[in-house]
Amino acid sequence: MSLSSVIRASSADLSGLVGAFGAVAERSFFAFAEPADSVASETAMTEWLGGEPYVATVSFRGPRSGAVSIVVPETLARELTSAFLGLDFESEAEVEETAVCDLVGEMANMATGSWLSSLEAEQVFELAHPEVSRAQGNSERGPWAVVLVNGTPTGLCCEFTGGRS
Amino acid sequence: MRALKILIVDDSAMMRALIKRAVKLTDLDIGELYEAENGRRALDVLDTRQVDAVLTDINMPEMNGVELLREIVRRGVTDLVKVVVSTDGSAARRDEVRDLGVTAYIDKPFAPEIIRDVLIQCHPSVVR
């Protein structure tokens, strides 16, 4: 039997994470971010489960341990990377896969670090390097908070492992 | 005053590009911009180039930012402005790096003008 248990994030935790992610999207990636309503969220889940979005996960250890994941649809990930690199997204110029993965991973890294700092300002958290993959949505994880980034649904999820140390 | 030579240390190429862009957007007297993807590579640059300021991330593989700053202190380098640019904005981390001679701590995400303000604060003569 495993001694560690997974504890799903509370709505307050998710709300804080959404705020941190929105600040990252707007300040560092020059995108417009706003929380999605329930209809958009349900639609997003359906699209993610049927598609192959970018999923970036950042594990963290500290007074609370766990992992944050973000789900970014391919079109949005490439659009943000193109804009960041100063390319014309409508052009034929192909954005390198490594650049897209780097951008999605850094979004997750910044959102996680920023959120944890606001959560426990006096404590130090150790963040692992972001793991980025192309994966089908996982309906067993969650709950997911959905944020519209430039109008496209983007997912956020956090799970804690064990209790507070 | 010669132009300020800056070393940007971050494992994310995107983040290095973002910081570089923010530095170039300033109207300050900026010289060479060097890049390194971790603390180990940063030490290689410091061994071979004259650098006035290092802007470093904390969370990096191989050698992280705190280990880099400790090594700089251990080598007795004193004429280098040290700035942290990190997602880890905890008070404990700030205290830890302050003891290593860090003069400014920039939280990610940051507004581009913060980079300008910090460079002026650390090196007032950089203003043209």
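Student: So what does chain B average in pLDDT?

Tutor: This is a predicted model, and chain B averages a pLDDT of 91, with 99% of the residues scoring at least 70.

Student: Which elements of chain B have the lowest and the highest mean pLDDT?

Tutor: Helix α4 of chain B, residues 91–98, has the lowest mean at 88. The highest is 97, for helix α2 of chain B, residues 39–48.

Student: And what ipTM and pTM does the predictor give the complex?

Tutor: The ipTM is 0.77 and the pTM is 0.84.

Student: OK, on to the contact between the chains. How many residues does each chain put in?

Tutor: Chain A gives 20 residues and chain B gives 18 residues. On the side of chain A that touches chain B, α1 (11–29) and α4 of chain A each supply at least two residues.

Student: At what angle do α4 of chain A and α1 of chain B pack?

Tutor: About 80°, with the axes 8 Å apart. Here α4(A) is residues 97–119 and α1(B) is residues 13–25. That angle makes α4(A) roughly perpendicular to α1(B).

Student: Which residues make that contact?

Tutor: From α4(A) you have A:Asp102, A:Leu103 and A:Glu106, and from α1(B) there are B:Ala13, B:Met14 and B:Met15. By class, this contact has 4 nonpolar, no polar and 2 charged residues.

Student: New topic: the sheet in chain B. What's the strand order?

Tutor: It's an open sheet of 5 strands, ordered β2-β1-β3-β4-β5, with parallel pairing. The edges are β2 (30–36) and β5 (104–107) of chain B; each has a single partner strand, so one side of each has no neighbour in the sheet. On average, neighbouring strands are turned by 20° against each other, direction ignored.

Student: How many bridges hold the β3 and β4 pairing in chain B?

Tutor: There are 4 bridges between β3 (residues 53–56) and β4 (residues 81–86) of chain B, in the parallel sense. B:Leu55 has B:Val83 as its bridge partner in β4(B), and B:Val54 stands opposite B:Lys82.

Student: Is β4(B) covered or open?

Tutor: Mostly covered: 6 of its 6 residues are buried. B:Val81, B:Val83 and B:Val85 point one way, while B:Lys82, B:Val84 and B:Ser86 point the other way.

Student: Last one: where is B:Asp10, and is B:Asp10 buried or exposed?

Tutor: B:Asp10 is found in the loop between β1 and α1 of chain B. B:Asp10 counts as buried because 27 other C-beta atoms lie within 10 Å, and the cut-off for buried is 20 or more.

Student: What does B:Asp10 contact, leaving aside neighbours within four places in sequence?

Tutor: B:Met15, B:Arg16, B:Ile19 and B:Asp57. B:Met15 also takes part in the contact of α1(B) with α4(A).

Key. Residues numbered from 1 in each chain as written. Chains lettered and ligands numbered in written order. Predicted model: local features only at pLDDT ≥ 70, side-chain atom pairs only at ≥ 80, totals over all residues. Axes fitted to C-alpha atoms, helices over the stretch in contact; angles between N-to-C directions. Parallel < 35°, antiparallel > 145°, perpendicular 65-115°, else oblique. Contact = placed C-beta atoms within 7 Å. Nonpolar A, V, L, I, M, F, W, Y, C, P; charged D, E, K, R; others polar. pLDDT = per-residue confidence, 0-100. Pairing = 2+ DSSP bridges. Buried ≥ 20, exposed ≤ 12 C-beta atoms within 10 Å, placed from the backbone.
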